[in-house]
Amino acid sequence: MPDGLVKINLQGQVMEGTTEMETVEKRRVESLENGSYRYLVIDEVEKQTMTLMGQAQPMPPKVNPLVGIPVIVTKGADGVWVANLEEGEVTPETVTKLDDIADGLNDDEDAKLYGTEPRKVGDEWEVESADLMGVENGKGVFKLKFESIEEHEGVRCAKITGNFEIKGTEGEDEGEEGADEMTITLTGDYLAYRSLEGRYDVSKKMDGSMSVKGDMEPQPGMTMQMDMTGKIKADGTVRLIEGE
């Protein structure tokens, strides 16, 4: 989000300003002989800047505590993926991120979006599913179309286009009195080039807008309402490296 607008109402005092957000992720996944994977977070940092009433607000970057620490991901006899550190002891912070890795594999968003049945050029379909696009407790509609078959980055791909509208709620310390609860709305257009042979997205991009609204409690007894809107852009690529 390069140029978001934000409005905060803190106990009757209204403050307006701007915000920018950027998240960068780089990961490497290595296939092992026993059907498991070695998963390495090379880089993952979330940065945000905010200016209210002309004053910059301190917002330190958030770095994934698993950066540089190898993780082994295995599938149990029950078909459920589990992620564990290859070496060393876990911490409360790394446990949460390990669960995120396993949840991503168990959730299989690709199967949600594209389905598991064969498709042909010209097919159109809609997806109604929870937790799409990383929005927890999210619900919405994703409309997709198999546009064509094209060569992309040297790979024979299905070109898939679409648009989406997803709404959900997220909060910290959910269920506790005074917990933050934010309503998140995402809308936009989607483009993916999906390998026909490997069945993975060689590249994908999203252009749209995001709205975040809700109540927050920055400290006990103090409440504020936040309203943030802005254009968003996301790009992702996958590269296969043989023999390493």
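## Terms and basis

A residue is called buried when its relative accessible area is under 20%, exposed when that area is over 50%, and partly exposed in between, using a 1.4 Å probe and protein chains only. This is a predicted model, in which local features need pLDDT of at least 70 and side-chain atom pairs count only at pLDDT 80 or more, while totals for chains, interfaces and linings use all residues. Residues are numbered from 1 along each chain as its sequence is written, and side-chain values use heavy atoms, with hydrogens and water left out.

## Salt bridges around Arg27

The structure contains 12 salt bridges, each being a side-chain nitrogen of Lys or Arg within 4 Å of a carboxyl oxygen of Asp or Glu. Arg27, which is partly exposed at 34% relative accessibility, forms one of them with Glu25, where the closest N and O atoms lie 3.2 Å apart. Glu25 is also partly exposed, with a relative accessible area of 47%.

Arg27 also meets Glu44 in a salt bridge, at 2.4 Å from N to O. This pair links distant parts of the chain, 17 residues apart, with Glu44 in strand 3 (residues 37–52) and Arg27 in strand 2 (residues 13–31); strands are DSSP runs of E, at least two residues long, numbered from the N terminus. Glu44 counts as buried, at 12% relative accessibility.

A salt bridge joins Asp123 to Lys120, with 3.1 Å between the closest N and O atoms. Asp123 is buried, its relative accessible area being 18%, whereas Lys120 is exposed, with a value of 55%.

Elsewhere, a network of salt bridges links Asp110, Arg194, Asp201 and Lys204.

Notes. Helices (H or I, at least four residues) and strands (E, at least two) are DSSP runs, numbered from the N terminus.
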